[in-house]
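Q: I have a model open and would like to talk through how it is held together. Could you take me through it, starting with the charged side chains?

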Amino acid sequence: MSNPVTFINVIDVEPSRQQEVIEILAEGTEEVMSRRPGFVSVTLFASLDKTRVINVARWESVDDVTATQSDPEAAEYARRTAAIASPGPGLYTVVGEFTV
């Protein structure tokens, strides 16, 4: 991987719909994202108060993310998520990692 990037999407959701958002993201990952060039991994987080889901997707490059976002199948999962929640996507690079 030359310039790996992390796509982080903080998704605000009504508590009653959190599980639905998780299911859409899991399905999209299994059916589309994981098969795209440059895909590395996805980690999903659910807030304990059920008001947020965080999607952390690692990709080999910005170009891989851009190409995936342009893919109609991937866009459909994004549309389904946005129909029931408020996504806040962004691209990030690791600037520090600390472990004990």
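Q: What do the side chains of Asp 71 and Arg 36 form?
A: The side chains of Asp 71 and Arg 36 meet in a salt bridge, at 3.3 Å from N to O. The term denotes a side-chain nitrogen of Lys or Arg within 4 Å of a carboxyl oxygen of Asp or Glu. This pair links distant parts of the chain, 35 residues apart: Asp 71 is in the loop between α2 (62–70) and α3, and Arg 36 is in the loop between α1 and β2 (39–46). Helices (H or I, at least four residues) and strands (E, at least two) are DSSP runs, numbered from the N terminus.

Q: Before we go on, what sort of model is this, and which pLDDT limits apply?
A: This is a predicted model, in which local features need pLDDT of at least 70 and side-chain atom pairs count only at pLDDT 80 or more, while totals for chains, interfaces and linings use all residues. Residues are numbered from 1 along each chain as its sequence is written, and side-chain values use heavy atoms, with hydrogens and water left out.

Q: Back to Asp 71: buried or exposed?
A: Asp 71 is buried, with a relative accessible area of 15%. Buried means under 20% relative accessible area, exposed means over 50%, and partly exposed lies in between (1.4 Å probe, protein chains only).

Q: How many salt bridges does the structure hold?
A: The structure holds six salt bridges. Among them is the one between Arg 80 and Glu 27, at 3.4 Å from N to O. That pair also links distant parts of the chain, with Arg 80 in helix α3 (residues 72–84) and Glu 27 in helix α1 (residues 18–31), 53 residues apart. Arg 80 counts as partly exposed because its relative accessibility is 27%, and Glu 27 counts as partly exposed at 33%.

Q: And where do Glu 76 and Arg 79 lie?
A: Both lie in helix α3, three residues apart, which is about one turn of the helix. Glu 76 is partly exposed at 34% relative accessibility, and Arg 79 is partly exposed at 46%.

Q: Changing topic: which residues touch the most other members of the largest nonpolar core?
A: They are Ile 11, Val 21, Val 53 and Trp 59, in a core of 18 residues. The elements giving two or more residues to this core are β1 (5–13), α1, β3 (52–59) and α3. A nonpolar core is a set of buried Ala, Val, Leu, Ile, Met, Phe, Trp, Tyr and Cys residues joined through side-chain atoms within 4.5 Å.

Q: What does Val 21 touch?
A: Not counting residues up to four places away in sequence, Val 21 touches Ile 11, Val 13, Val 53, Thr 81, Ile 84 and Ala 85. Contact means heavy atoms within 4.5 Å.

Q: Thr 29, then: buried or exposed?
A: Thr 29 is buried, with a relative accessible area of 15%. This residue is found in helix α1. Apart from its neighbours within four places in sequence, Thr 29 is in contact with Ser 34, Phe 39 and Val 42.

Q: Which residues of α2 are buried?
A: In α2, Asp 64, Val 65 and Thr 68 are buried. Seen down the axis of α2, the buried residues fall within an arc of 100°, so they line one face of the helix. That arc is taken from the directions from the helix axis to the C-beta atoms. The buried residues of α2 pack against β1, β3, α3 and β5 (89–92). The face turned away from the buried side carries the exposed residues Asp 63 and Ser 70.

Q: How many bridges are there between β1 and β3?
A: β1 and β3 pair in the antiparallel sense over eight bridges. Two strands pair if DSSP finds at least two bridges between them. Asp 12 stands opposite Arg 52 in β3.

Q: What joins β2 to β3?
A: Seven bridges join β2 to β3, and these strands run antiparallel. The bridge partner of Phe 39 is Trp 59 in β3. The hairpin of β2 and β3 has five residues between the strands, and Lys 50 takes a positive phi near 70° there.

Q: Finally, what pattern does the chain follow along the sequence?
A: The pattern is β-α-β-β-α-α-β-β, with three helices and five strands in the chain.
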